[in-house]
Structure formats: structure tokens, C-alpha cells
Amino acid sequence: MSTIDRTPAHATNGNGKPYKVIGTRPIRHDGVDKVTGRAKYGADIHLSGLIYGVVLRSPHAHAKIRSIDVSQALALPGVRAVVTHKDLREPGDRIVELGEGAVNLRHLSNNILAADKVLYKGHAVAAVAADSVHIAEQAAGLIKVDYETLPAVIDVEAAMKPSAPLLHADLFTDELGQKAKAPSNVAKHFRFEKGDIAKGFAQAKVVIEREFRTATVHQGYIEPHNATAMWNADGYITVWTSTQGSFTVRQQVAELVNAPISHVKVIPMEIGGGFGGKIRVYLEPVAAILSKRTGKPVKVLMSRADVFEGTGPTPASYIRVKLGVGSDGKITAAETYMAYEAGAYPGSPIGAGAMCIFACYDIPNGRIDGYDVVVNKPQTSAYRAPGATNAAFALETVVDEACEQLKIDPLEFRLKNGVKEGSRRVDGPVFPRIGMMETVEAVKKSEHWNTPLTGKHRGRGVASGFWFNCGLKSSASATVNPDGTVALVEGSTDIGGSRTGIAMQLAETLGIAATDVVPTVGDTDSVGYTDVTGGSRVTFATGYAAYEAARDIQRQMVERAARIWEVDAAKVSYENGGVTGPDGKRFSFKELAEQINKTGEPIVGRGTVDPEGCGGAFATHVVDVEVDPETGKVDIIRYTAAQDVGTAIHPSYVEGQIQGGTVQGIGWGLNEEYFYDAAGTMRNSTFLDYRIPTCYDLPMIDTLVVEVPNPGHPYGVRGVGEVPIVPPPAALANAIYRAVGVRMKQLPMSPPNVLKEILRKGASK
Amino acid sequence: MAKRRVVTTTINGRQTEFLCEPRQTLLEVLRDTLDLTGAKEGCANGNCGACTVLMNGRPVDSCLVLGVETEGAVLETIEGVAPVDGLDPIQQAFLENAALQCGICTPGFIMSCKSLLAENSDPTENDIRFYLAGNLCRCTGYDKIVRAVLDAAKKRNAEPAPA
Ligand code: FES
Ligand code: FES
């Protein structure tokens, strides 16, 4: 399909901002390395004496490990070591904060190499190091594991039944803060309440209650997980890996192999996508202990099947939503029951999902019940606005049905009910300045919305979404070079061009060109502590750190100029890309930089932040589809995504985040799902059968970049990366309804699932 | 260990000999033996296109070709695309159009794009989407990649033909 003719050029930058660098589109600093194949990703590393590790994984979804016999594997020529859970430290039930939320170390350790039980097909059981990867693979096949298989439960609703097979004998539900008496697969039940829902529903003119089910999906980064480690004779460990957070890898490795964090140095390699899935460690501690046992650097890579079966995914879910709307079109009450699969260990993103589900609307009376449920699937990981997409699919579909029943235009409904500064969420917090309404207005004014959709079996759908974003800690340091450039070292691993967005904020503050900043992502020994690349936080928080580093440089340059001019520093100021003193004295940044090493100590700026006030992100999407009633296949004809980004630092990469997130949401909505057989084996663990969108499945994704500056950031930045994944499944469902009259309550809305609904509707007519 | 064989090929314009086991794929040889790590492994079974190289002018998934099959072949990898003193117009277009985020898919896309433009110097959006459907990108949603290819075609067509 061809859409480019109609698509406006992305003329969204500029809009009269007072900035010189922010809002422009420089070529990214790491660009040439990445288009010439020279950039080094985790799997590209080669060290002298390198040997290779392979992980043996469980063929069963649920089994006790009776024994593991590694003797035959060890006897194979070329094999150097075999390790199992015993070789990791037994960390006990300690809860540690890993920058992504609290983690039970025993669970983390058991996930990396299973202790007494395997809890999903693909669960790591042992690892071999050998002179070649082929020998290691052969040796892994010679490890004899004696399993006692157990019944598996792979579905959230089944797992919640009292009769379900139990994954953990020691898991007792945290039931609204009370510990339950008998073990269960339900790790936690929590509730948020606001107002009086009985009263609210009594005031409603229409009350709609619906159930929704969504499938397990994977982040689907193209680069498989990888880790290379060298455990030196002095006890110092170096880890090279593709990760969203070098410091969290450092901490996880240190905890799991029992080393002080100062003995673990993590060198972040370029990373080939993460989307939340490359925060928790899988291979790094295994590579480290294999290195300790062999005295050699060890590289371990996952296969694509390992990635699907052993990492990721994001939870399947069951969600029930009840919505009451008055005759004036105002929401009177909303209630939801949400159960999310955590996978093998507790910790699904149900908390975030529960806080997001009603967040786009001002709801006077609300109740949210959330359940975190373990099942025999890989432990779920964060995936772009974790928990929010499932939730939005359910709520936004019900909202659309309410609009239909009350004959209200969906955008008018949002303008009537949408949140603004001062609105209170059902779970408590009050919104600061946000841009929900502005995204709705942007869609309302768009050419797309104002172009009528014609043709058979075509429909247009709308949906909105919310994500919190986060702040957390970031560090940057910046050295002024004598040629008037700045070497910037920052701690956020760069997953999509962020080092340029960060460098641009430093350049803007100093009044120099983006190309005069040379950014580097530092390793854990060369830059200050920095939290993960996640939570849409990097351009916000690490950009903030770069701003602070630039301010620090400004102060030092002012002092230096005062010293050179022999005037009081209070009479010197930094402005317009240089320093200005009394009597028309002036150094441009370049002129003063050239003087620095001749007149005193070097100038190095430092910025460390832990900012509050990240500001939430809102998006409203509109999509036109055509549905083939014979096959149930849904084609996207046109897509427009409006999003409040605060301030677009580099508009191309802002658009890119919106487009990429949207397309992941489209894949989630239309195609992607883990197929399990009754034994709990994933039957589609390849990119052929787990089908992510290709370019032939899609039109251009038009973006409406709305800028409501975030007061919590010097340049008004909000996070951008996550919220665009939230609205697509719901927008598609609403469009499908308009096209063929069926309400989809299940993800994915793949041809068989859509066709089933079309046939059911036909039969009932 | 199976007996290794000597294979003689031309890679990026230079005659190259390597030793390889019969079971080793071309991708493995490129990455591990020849240290040409620009071709990436995303799936190892022909589904993602991250390992795309040109073999006798045709794009192939190098994870599906055995090293020994390349005897006498002319291979071109991402490392051979840029002229000594700059970038190919395709590479330049990818940068100017911000057609990469993480960049892991980029070498494969550039190789496929090179082959597309060799076959069809003025492709439509639909031609591009059809031709590149074997290359997966999870980051960009493809919008900017398709624009980059259109732009690259335009740039190449504007250039005087090489003498
Ligand atoms: S690695 Fe060859 S196609 Fe994916
Ligand atoms: S840029 Fe990351 S997969 Fe394409």
C-alpha cells in the first residue's frame, strides 16, 4: 500500500521556539558507525583467548529437577567447564532495588539457573563453556537432567483457581496487605478506590460492562541477548553486554556472583533494541561464573528461540471493565478487575496497568482491583509502558461503546471527560500541567480526522493512552577541549539516538553547535551512577544532567574570564555562547576554550540529577482500517498519532519513537501472540511464526507532535518513548467495529479471531 | 571436528581465502573468522534479514548460506559499501532521514536497499515496502526507512553516472 503522497512532510519542529539547537535535526553522532557496520554491539566483541558458553534449557513447562549429571559433557574434548545453580550464590529472599523496581534475589537467581524446579519451557538449567560454540552446544546435549514433570498452568484465569497446579509452595497471596493462609498462584491483590462507585453507577444513564483477554507478546528486539565476561585472577570482573542499564547489570551481577560492586565493571556495548526487555540479567552472571571456572573470557549468546522462550515477554491478561456515563456524557463511575500474568515469578506490571487504566479521564467514583498471578511462562519483563497497553485496550473499547450508545463523538467525549492540570487519578495522584486535551484537539484539527472515510468495510477508530514517565538518577561529565568542543560522557546506554538528544541540551545551554559536542556512553567505572534507559527518562533526566554539566562549565568559564580580565567575577556573565565582561569585554566559547589550558586548570563540568517532575505523557491516535469480511484480515489504510512530548529536542527521533511505538502497538493489536500447546510449549518461537509487522504490512505513520512544555525540566522535556504503544490496539478495535460491526474483546485481532466474530455476528442476525 | 576446507572468494573487491568447517554458515565465517561483524545475527534462520549480504550481486541471508558454498563467489558486505572518503548515498540518506534507532537492522537494510536500487532506480513506496519486507526492524515502524530509500534513489539519480 502506498501512503506517502498524502503524508505531509514532518514539519513539526521550530514553531517559534527561542532555541538554536533544540528543535533542529542534526545527524546523530554515532550515525556513521551504524551505517557502515562499524558500531560494536554485544555479540561483535572479540577478545584474545575467548571461549564460548551455551545454556541448556528445560524442555518442560513445569518439573522438579531430581538430578543433573554433567560427567559426559565434561568429558567431551574442548569443554572447559559446566555450571549449574549451585555455582551461583544462594542469595536468600532478599529484596533489592534494581532501578526498575524491587526484585527478590532468590527469584532472580533461580531464573538465571533453575534450582530445584523448572517453571517454564526454556528455563535455564545449566551452562557449558567450550573452545567453540559448536562443541559447547554438543556438550549441552550430553548433560543428563532427571526431571519429574508436573502439571503446568499457562493461563491467568486457570492459574487463579484454587485447584490449579502451584508454581511455588511458599507463595502466599498478599491480599490487600494481609498474608493469606494457604499458598496460591496469586502473588498479590491490591485495590485503589475513589469516591462512591455505587452512587456513581446509580447516576449513570448507560452502564457498560465487558470482559477482555489479551495474549502474551514479546518485545521482539532484533538483537538477541548477549554477554561476555572476564573474571580476573585479582577478583575483578569485566562484563561486556548490550543492556538498558550498565549500573543495574553491575548490581545484579555483583549480588548473584557474590562480588562487591566495585569489582564489577560493566562496559555497555551498542544495544540492538530493548523496549524494557534488556534490564533484568540472564546471561551476564552465567558468563561471569564460567569465566571464573575457566580463567578465560567467555561469550554467551542467545538464539532467537532462547529469546522467545527464556526472556521478555509481556503479560497476557484478563480485564473486566464497567463504565457508567450520565446523560450529559460525563463519566459517573468506573470499576475494573485486572489480572495480569507475571510468568514464573511474581512481578507483572499490574501495578502500572492499574494506575494507567483510568488515567486519561476525570473519574469521580472509581475502583480498581489488581491481581498479580504466576503461570508457567517466562518471567515477564517490562515492555514499553508496561501494563498500560492491555489496560487501554479494555477501557478505550468500552469508552467507544459508551460514545456509540449516547451518540457522542469520541473526541467530544474526551474533551468532556479528559484529564487536565488538577484532575485526580483514581489511585490518588493529582496531575500537574499535562497535554491530554491538546492531543485530542490536535486530532480534531488534523487533516486526517477532517477527511471523510469512504468505502466498504472501512472504519475509523480513536483511542487515547497515558504513561507516567519517570525521572530517576543520571550523571554526566563534560570536558572543554582547547578547540572549542566539548567531550561529553553520560551514563545512559543509547538505544535510539539519545546521546545526540543529550548532547543537544548541553550544546543549547552553552550556545555551541550540536556537532561541537562529542558524546560517549561511559562504562560503570568512568561515569557517575545512572539508572536504566527506560521509563521514557533518558532525554528528560540524562538531558537534565547534561544541562547541569553545562551550567557548571558556564560557572567555571565565567571565573576563568574574570581571572584573565582581572575583574570581579560578579561582573562577568555567560550569555549567547560566550562570556561577557565590563567595558564590552567578550570571549566566545571557542576563544575562551582556546585559553583554558594556558591560563590555569582544565574545565570539566559535572551534572548529577535525581529530578522529580517528569510529567506524564498522553497520546491520542486515529486509524482507518479496511477489513476483509471473507478472511478477517485487517489492513491499515491510514494512521495518525498525536502526542504531547513536552519539547521535541530532536524532532526526527521524537517522531521515530512515536512511529516505532505505534507499530509495536499495531503488531500487538493485530498479529502477535505466543501459541502454547497443552504441555506449555511455545509453538511459534521464530520470527516467521511470531510475526512482527514488516514494512509491507504498514502505511506511513503520521505524527502530530504536540508540545506542552513540562515545567519540571529546564527545556520542558517530557518522556516520549513509551506512550505511543498504548492506544493502537484499542484504536484498531474501534476502527474494526466501525468497519464490520464486531466488537473485538480479545487480542490479537488476527484474521481467525476477527473472522470468528464476523461469523458469529452473521449467525446471530 | 569435521575437516576444514579452504574457500576462495572475493569479498568487497579483494580476493579472500578462509578455512571453514562444512557446517559453518557464511554469517559465522564473516563474523567469527573474518571479523566482518557488520552483518548481524537476529534469528539465524532466514527470518529477519539482519545478516543480509550480496552474493554475486543478489541479496542473501548469510545465515542460510554455508561458508563452503561461497567458493568462487563475489561477496559484498556492509563494510564494503562506503567509498574510502565518505559514504554511499544510501548510507547518507539513512542518516539524514533518521532511518535508524538502535541500528542493529541497518546494515541488512542498506544491503537490501543497494540491491533494490540496482534493480530499480526509481522505486515507488509500494516497490520499496515489497522489496524490503524480508528485513525486520522493531524500532522505527519503517516510516523513516522507506523515506530514506526514496531519498537515496533521488540522490543517486541526481548524481552524474560514474565515468
Ligand atoms: S540472522 Fe539471517 S535472517 Fe535473521
Ligand atoms: S533500528 Fe532497531 S531494529 Fe531497526
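This is a predicted model: local features need pLDDT of at least 70, side-chain atom pairs count only at pLDDT 80 or more; totals for chains, interfaces and linings use all residues.
Start with the contact between the chains. Chain B puts 51 residues in contact with 59 residues of chain A, and the area buried between chain B and chain A comes to about 4,600 Å². Carbon and sulfur atoms give 57% of that area. Gln101(B), Arg129(B) and Arg138(B) stand out here: together they supply 18% of the area that chain B buries against chain A, more than any other three residues. As for polar links, 26 residue pairs are in polar contact between chain B and chain A, both partners being at pLDDT 80 or more. On the chain B side, at least two residues each come from helix 1, helix 2 (89-96), helix 3, helix 4 (125-131) and helix 5 (143-158). Sorted by class, the side of chain B that touches chain A has 24 nonpolar, 14 polar and 13 charged residues.

Salt bridges turn up at this interface too, with 4 found across chain B and chain A; over all chains, the structure holds 60. A salt bridge with an N to O distance of 2.7 Å pairs the side chains of Arg31(B) and Asp44(A). Arg31(B) sits in helix 1 (residues 26-33) of chain B, and Asp44(A) in the loop between helix 1 (31-35) and strand 1 (51-57) of chain A, so this pair joins two chains. Both Arg31(B) and Asp44(A) are buried.

Other salt bridges stay within one chain. In chain A, the side chains of Glu335(A) and Arg367(A) meet at 3.5 Å, N to O. That pair links distant parts of the chain, with Glu335(A) in strand 18 (residues 331-343) and Arg367(A) in strand 19 (residues 366-374), 32 residues apart. Glu335(A) is partly exposed, at a relative accessible area of 21%, and Arg367(A) is partly exposed as well, at 22%. In chain B, a salt bridge brings together the side chains of Lys114(B) and Glu76(B), at 3.1 Å from N to O. Here, too, distant parts of the chain are linked: Lys114(B) belongs to helix 3 (residues 106-119) and Glu76(B) to strand 5 (residues 74-76), 38 residues apart.

Now to the domains of chain A. The domain assignment gives domain 1 (42-150 + 224-307) and domain 2 (471-609), whose C-alpha centres lie 39 Å apart. The contact takes 19 residues from domain 1 of chain A and 19 residues from domain 2 of chain A. About 1,500 Å² is buried between domain 1 and domain 2 of chain A, with carbon and sulfur atoms giving 57%.

Across this domain interface there is 1 salt bridge. Glu270(A) and Arg499(A) form a salt bridge in which the closest N and O atoms are 2.8 Å apart. On the domain 1 side, helix 7 (246-257) and strand 15 (264-268) of chain A are the elements that give two or more residues. Strand 15 of chain A gives the most, with 5 residues. By class, the side of domain 1 that touches domain 2 has 8 nonpolar, 8 polar and 3 charged residues.

Note on methods. Residues are numbered from 1 along each chain as its sequence is written. Chains are lettered from A and ligands numbered from 1 in the order in which they are written. Side-chain values use heavy atoms; hydrogens and water are left out. Helices (H or I, at least four residues) and strands (E, at least two) are DSSP runs, numbered from the N terminus. Buried means under 20% relative accessible area, exposed over 50%, partly exposed in between (1.4 Å probe, protein chains only). Domain bounds come from an automatic or database domain assignment. Contact means heavy atoms within 4.5 Å. Buried area is the accessible area (1.4 Å probe) that two parts lose on being put together, summed over both. Ala, Val, Leu, Ile, Met, Phe, Trp, Tyr, Cys and Pro count as nonpolar, Asp, Glu, Lys and Arg as charged, and the others, Gly among them, as polar. A polar contact is a pair of N or O atoms within 3.5 Å; within protein, one must be able to donate a hydrogen and the other to accept it, and residues adjacent in sequence count only if both atoms are side-chain atoms.
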